[in-house]
Amino acid sequence: MTTTTDRPTARPAATDPRVDVAALEELLLGRYADLRRSARAIVADPDFQKIEGQPVAEHRERVLAQLRRLESEHDVLRAFPARHGGSDDHGGSLARFEELVAADPSLQIKAGVQWGLFASAILHLGTEHHHDTLLPDAMHLQVPGAFAMTETGHGSDVASIGTTAEYDAQTQEFVIHTPFRGAWKDYLGNAALHGTAAVVFAKLITAAPGQPRVDHGVHAFYVPIRDPRTGEFLPGVGGEDDGVKGGLNGIDNGRLHFDHVRVPRTHLLNRYGDVAPDGTYSSPIASPGRRFFTMLGTLVQGRVSLDGAAANASKIALAIAVTYANQRRQFAGGTADEVVLLDYGQHRRRLLPLVAEAYAATFAHEELLAAFDEVFSGRGDTPEKREDLETLAAALKPTSTWAALRTVQTAREACGGQGFLAENRLTGLHADLDVYVTFEGDNTVLYQLVAKRLLGDYAASLKALQSDRGDLARFVVDKVADAALHRTPLVRAVQTLGDRGDARRSVGQLRDEATQRELLTDRVEAMVAQLAQALAPARRMSPGKAAALFDAHQHELIEAARAHAERVQWEAFTRGLARVEDPGTRQVLTWVRDLFGLTLVERNLAWYLIHGRLSAGRARTVTSYIDRLLERLRPHAQDLVDAFGYGPEHLRAPIASGAEAQRQDEARAYLRAQRASGDAPVPEKHLKG
C-alpha cells in the first residue's frame with residue numbers, strides 16, 4: 001500500500017463517496033482473512049522471495065530450501081487429516097497456498113506439486129494403508145514426489161495415456177512400463193532432480209484366472225524412482241531434465257520413463273479400484289467412465305488454487321501499475337505541471353476495467369473456495385455437488401488465468417520502459433504465469449467441459465418438461481416467439497421509443513442491476529439454446545459425423561462457456577457487494593461492479609446488436625456510460641488497489657514504492673524555482689512571430 005506522502009493528486013471531493021479501505025480489504029480477504037494474512041507475513045520474508053534473474057540451478061535449490069522451511073516452520077499441512085498432523089481444513093489450506101504467488105510463483109507451484117498433487121493423490125486415491133505407510137513421508141518432505149500423469153503424447157486426454165501397469169499374479173506385483181516414446185511422463189515438477197518417488201498414472205491390466213487380459217482404465221500407483229541417498233534413478237527408471245522454460249524455472253520439471261519396473265500390489269492407490277492377489281479386479285464404481293472421472297475429480301484442488309493465485313497475481317500487477325500511474329507525470333497538457341498518467345482517459349480505459357475484473361475474480365474465487373471446502377470436508381460431499389464444483393472450477397480457472405496474463409501485460413505496457421525492468425516484477429510475473437493457462441487442464445479444453453455441462457443441463461430441463469406436454473408446448477411456443485421477436489427490429493424499436501432520445505433514460509436502464517443480469521444471462525441462455533439446436537442431429541449420426549458436427553461448433557461451445565463464466569463472476573460480485581455496509585464504499589463498489597458488467601456487454605456488442613438485444617442508440621450509451629464510470633472511479637483508483645492488501649514488501653517494485661513520486665516532486669520543485677527566479681530559459685518558439 002502507498003504511504004500518505006505517495007497519495008495521488010486526484011482525491012474524492014468533500015461531497016463524493018469515500019472508500020473505507022480497511023473494511024474493503026477485510027471483505028476481499030474473505031472467510032480466511034487471518035490465514036491469508038499469516039501467509040502474506042511469510043511472503044514478506046526476503047528469504048522466501050524470488051531473486052529475479054537467478055541462474056536456474058541456484059533457483060531450483062533455493063525453492064527446495066524454501067519448501068523445507070515451509071514444512072518445518074509454517075502451517076502448510078492444514079488439508080491433511082488431524083491424526084497425521086493436519087487440520088482437515090481444505091479451504092483454509094488453499095487460501096494460504098495461493099498467497100505464495102506473491103513470493104515466487106515457482107514456490108507456489110512446487111508446493112502445489114508436493115502437497116496438492118503428490119501427497120494429495122496418496123490421500124484421496126489411497127486407503128488407510130497408504131495413509132499410514134506413505135502419506136507421512138510425503139507430507140513432511142522426507143520423500144519429495146512427482147505427479148506423473150501427463151505424457152509427451154497425451155496431455156489433456158488422460159484416458160488415452162500409453163503407460164501400462166500389468167498385474168503379475170505369480171509375484172503379486174504390478175509391472176510399470178512405457179511402451180513407446182510418446183508414453184514418457186513429461187513436464188513433471190520434481191522429476192528432473194529432487195523427486196525420489198512418483199504417483200504414476202497408468203492403464204491397469206489384469207488377467208484373472210480363466211479370464212482374458214482386461215484393461216480397466218487409468219489408475220494411480222506409488223512408484224519409487226530414485227535412491228534417496230545418491231539421487232540416482234532406480235533400476236528400470238530413466239528420465240531427462242526438461243531444461244530451461246519460459247518461466248517457473250525454480251521448479252525442476254522433467255521426464256520419466258519405465259522399463260518393466262515392478263512395484264508391490266499394495267502400491268496401487270486402491271480407493272476406487274483394487275486387485276486381489278489372484279488378479280481379480282473390483283471397484284465400488286461399476287462404470288469405468290464414471291470411475292475415471294471420479295478419480296480425476298478428487299484432484300480438482302489444483303484448478304481451484306490456480307484460480308485464486310491468478311486473481312492474486314492480477315491484483316499485484318494492478319497495484320503496481322495504478323500506483324505508478326498516480327505518481328508518474330508525462331506531457332504538460334496545457335498547464336505548468338505535467339499530467340499524472342491516470343488523468344489520461346486512455347490510461348483509465350486500460351487499467352480500471354482490469355481492476356473491476358480483479359474484484360469480480362476475487363469474489364467468484366471466494367465462492368469457489370467455499371464450494372471446494374464443503375465437498376472436501378465431507379459436509380456436502382454428494383455426486384451432484386462434486387459435479388457442480390468441477391464445473392465451477394473448470395469455468396473460473398480459464399477465465400482468471402487468461403485475465404491474469406492480459407492484466408500483467410497491460411500493466412507492463414502501462415508502466416512504459418520501467419515496466420520492462422525485471423526489478424519491477426511485471427515481466428517475470430508474466431513469464432511465470434504463462435503456463436497457468438495450460439496446466440491443471442488446458443483452458444480451451446476446460447471451457448469445452450463447461451459447455452457440455454451447460455448443454456446437458458439444458459437437455460435435462462427439456463426432458464423434465466416432457467412429463468407435462470402442456471408445459472413443453474408452452475416452452476416451445478415461448479422460445480419460437482422469443483426468436484421471432486429478436487429477429488425483427490421490434491425490441492430495438494421498443495428500446496428507442498422508451499428512451500425517447502434521452503440518453504439519461506438509457507443510462508438509467510444500463511446501470512440497473514436487473515438489466516445487467518438480464519443482458520448477461522440472456523446471452524448465455526440464447527447461446528446454449530442455439531448450440532443445442534445445432535447439435536441435436538448428432539444423436540442420429542455415426543460417431544465420425546457426430547464428431548465432425550461438434551468440431552464445426554467448437555468455437556461456439558467455448559464462447560458459451562466463457563459467457564457463462566463471466567456471468568458467474570458478475571453474480572458473485574453482486575453478492576459480495578450486498579455485504580458492504582459502509583454507504584460510501586458501497587457506492588464506489590457499485591460503480592466498479594457496473595464497470596465490470598458493462599465492459600462485458602461492450603466487449604460483446606456485436607452479439608447484442610446482431611441478435612436484437614440492444615438498439616444502436618443504447619449500444620452507444622454502453623460506451624458513453626463506461627467512460628462516465630471511469631471518471632467517477634478515477635479519484636478512488638488508489639483506494640481500490642490499496643484494498644487488495646499488498647504492501648511494498650509484497651509488491652517489491654521500486655516504481656510502486658514512492659520513489660517515482662519523490663522524483664516527480666523534485667523535478668516540479670526545480671522547475672517552479674526556475675520560473676520564480678526569472679532565470680528559466682525562454683523557449684525558442686516564443687521568440688518567433
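1. In this predicted model, the lining of the largest cavity comprises five charged, four polar and three nonpolar residues. The residues concerned are Leu28, Leu29, Arg36, Arg40, Glu99, Gly308, Ala311, Asn312, Lys315, Thr362, His365 and Glu366.

2. Four helices each contribute at least two residues to the lining of the largest cavity: H1 (21-29), H2 (33-43), H9 (301-325) and H10 (345-376). Of the contributors, H9 gives the most, supplying four residues.

3. The volume of the largest cavity is about 100 Å³. In total, the structure contains five cavities of 30 Å³ or more.

4. Attention may next turn to His129, a residue of helix H6, which covers residues 128-133. Is His129 buried, partly exposed or exposed? Its relative accessibility is 40%, and His129 is therefore classed as partly exposed, since that class lies between the 20% limit for buried and the 50% limit for exposed residues. The C-alpha atom of His129 lies 9.5 Å from that of Leu269, although the two residues are 140 positions apart in sequence.

5. After H11 comes Gly416, which has a positive phi, near 60 degrees.

6. The protein chain contains 26 helices and 13 strands. Its radius of gyration is 28 Å, close to the 26 Å given by the globule rule for 689 residues; the chain is therefore as compact as a globular protein of that length. Along the principal axes, the C-alpha atoms of the protein chain fill a box of roughly 100 × 70 × 45 Å.

7. Two further values describe the protein chain. Of its 689 residues, 54% are buried. Among contacts with a separation of 6 or more, 74% involve residues 24 or more positions apart.

Definitions and conventions:
Residues are numbered from 1 along each chain as its sequence is written. This is a predicted model: local features need pLDDT of at least 70, side-chain atom pairs count only at pLDDT 80 or more; totals for chains, interfaces and linings use all residues. Side-chain values use heavy atoms; hydrogens and water are left out. On a 1 Å grid over the protein atoms alone, a cavity is a set of points where a 1.4 Å probe fits but cannot get out, and a pocket is an open set with protein on both sides within 12 Å along at least five of seven lines; lining residues have an atom within 4 Å of a point. Grid points are joined across faces, edges and corners, and a volume is the space filled by probe spheres set on the points. Ala, Val, Leu, Ile, Met, Phe, Trp, Tyr, Cys and Pro count as nonpolar, Asp, Glu, Lys and Arg as charged, and the others, Gly among them, as polar. Buried means under 20% relative accessible area, exposed over 50%, partly exposed in between (1.4 Å probe, protein chains only). The radius of gyration is taken over C-alpha atoms; the globule rule is 2.2 Å times the number of residues to the power 0.38. Contact means heavy atoms within 4.5 Å.
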